[in-house]
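Dear colleague,

I am handing over the structure shown here, followed by an account of what was found in it. Please read the notes alongside the coordinates.

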Amino acid sequence: MEATEIRKLAALEDTHWWYRERRALLARALRRLSRSGVRPGRALDIGAAGGGNTRVLRRHGWQPAALEYSVDGAQVARERGLAVLRADARRLPVRSASLDLVTAFDILEHFDEDHLAAGEILRVLRPGGTALVAVPCDMRLWSAHDVAVGHVRRYDRAGLRAVVEKAGLVVDELWSWNVLLRPVAAWRRRTSTGSDLDELPALVNWGLTGVITAERYLPVRGLPGVSLMLRAHRPAR
């Protein structure tokens, strides 16, 4: 992702409806892990940008590091008081089997060799450790936005499952997100000329927040959306 996009993301992520709800998704996933008996431990937030998701991990008791390739993203995360590693997700500077949790939100789609990044997630997780992954879905939604933010592809369910399972991870759950607003996204991207990362009027942001929040309570996770979410684990053996 270009430096300008990283800076834009960091400025928007505290208030923008999309980033706020994505952090809420992560928080709910962490609470589910806690209810299932998983105790907070060492975590790595791959592609952390300004560290919004890393801060969620820290608030829930995890000991996270933010991993970011770009100079600008790493600097913003440091300015926010986070532990930061600058590295490529295909070559993580982390000991094998040393982490309890890895988050990789909107990372795999940036690499031709997405299998290398998935393999690194497996390598650094301890047996039984959890991976939380998010990717953009459906090549029919491909637009100038994807080009602007450096995407190589958008995934379907089978493609995401295949790259994760080929790496050796076991998929526990795979679901769609941003389902209700998919028609809006499809319409906008037919005419877009660049990234969707823009500041919105307060009323528009409030309205979109209401729609995406409603999705938490509706049985839409099996329908086509704008993103795919996945929870997986490293097998014990």
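Helices (H or I, at least four residues) and strands (E, at least two) are DSSP runs, numbered from the N terminus. The model is a predicted one, in which local features need pLDDT of at least 70 and side-chain atom pairs count only at pLDDT 80 or more, whereas totals for chains, interfaces and linings use all residues. Residues are numbered from 1 along each chain as its sequence is written, and side-chain values use heavy atoms, with hydrogens and water left out.

Pocket and cavity

Both terms rest on a 1 Å grid over the protein atoms alone: a cavity is a set of points where a 1.4 Å probe fits but cannot get out, and a pocket is an open set with protein on both sides within 12 Å along at least five of seven lines. Lining residues have an atom within 4 Å of a point. Grid points are joined across faces, edges and corners, and a volume is the space filled by probe spheres set on the points.

The second largest pocket holds about 250 Å³ of space. Its lining numbers 20 residues, and those nearest the centre are Leu25, Arg28, Arg32, Trp175 and Arg221. Two or more lining residues come from each of α2 (17-35), β5 (125-136), β6 (170-177) and β7 (227-233). Helix α2 provides the largest share, six residues. For the classes, Ala, Val, Leu, Ile, Met, Phe, Trp, Tyr, Cys and Pro count as nonpolar, Asp, Glu, Lys and Arg as charged, and the others, Gly among them, as polar. On that basis the lining of this pocket comprises 13 nonpolar, one polar and six charged residues.

There is one cavity of 30 Å³ or more, and the volume of the largest cavity is about 30 Å³. Leu108, Ala118, Ile121, Ala131, Val133, Val164 and Leu169 line this cavity, with at least two residues supplied by each of α5 and β5. The lining divides into seven nonpolar, no polar and no charged residues.

Aromatic pairs

Rings of Phe, Tyr and Trp (its six-membered ring) pair if their centres lie within 6.5 Å; planes under 30 degrees apart count as stacked, over 60 as edge-to-face and the rest as tilted. This rule gives two aromatic pairs. Tryptophan 18 and tyrosine 19 form an edge-to-face pair, because their ring centres are 4.9 Å apart and their planes stand at 80 degrees. Tryptophan 18 and tryptophan 177 form a tilted pair, because their ring centres are 5.5 Å apart with planes at 55 degrees. Trp18, Tyr19 and Trp177 make up one aromatic cluster.

Buried means under 20% relative accessible area, exposed over 50%, and partly exposed in between (1.4 Å probe, protein chains only). Tryptophan 18 counts as buried because its relative accessibility is 17%, and tryptophan 177 because its value is 3%.

Nonpolar cores

A nonpolar core is a set of buried Ala, Val, Leu, Ile, Met, Phe, Trp, Tyr and Cys residues joined through side-chain atoms within 4.5 Å. The largest such core has 35 residues, of which Leu44, Ile46, Leu108, Ile121, Leu160, Val164 and Leu230 touch the most other members. Elements giving two or more residues to this core include β1 (42-46), α5 (114-124) and α7 (157-167). The most, five residues, come from α5. Another core, of 25 residues, lies apart from the largest one, and Trp18, Ala27, Leu33 and Ile212 are among its members.

Individual sites

Contact means heavy atoms within 4.5 Å. Helix α3 (residues 52-59) is mostly covered, with six of its eight residues buried. Those buried residues pack against α2, β1, β2 and β4.

Tyrosine 155 sits in the loop between α6 (144-148) and α7, and counts as buried because its relative accessibility is 4%. Leaving out residues up to four places away in sequence, tyrosine 155 touches residues including Leu108, Asp114, Cys137 and Leu228.

Arginine 231 belongs to strand β7 and is partly exposed, with a relative accessible area of 25%. Beyond its neighbours within four places in sequence, arginine 231 has contacts that include Leu33, Asp172, Glu173 and Trp175.

Kind regards
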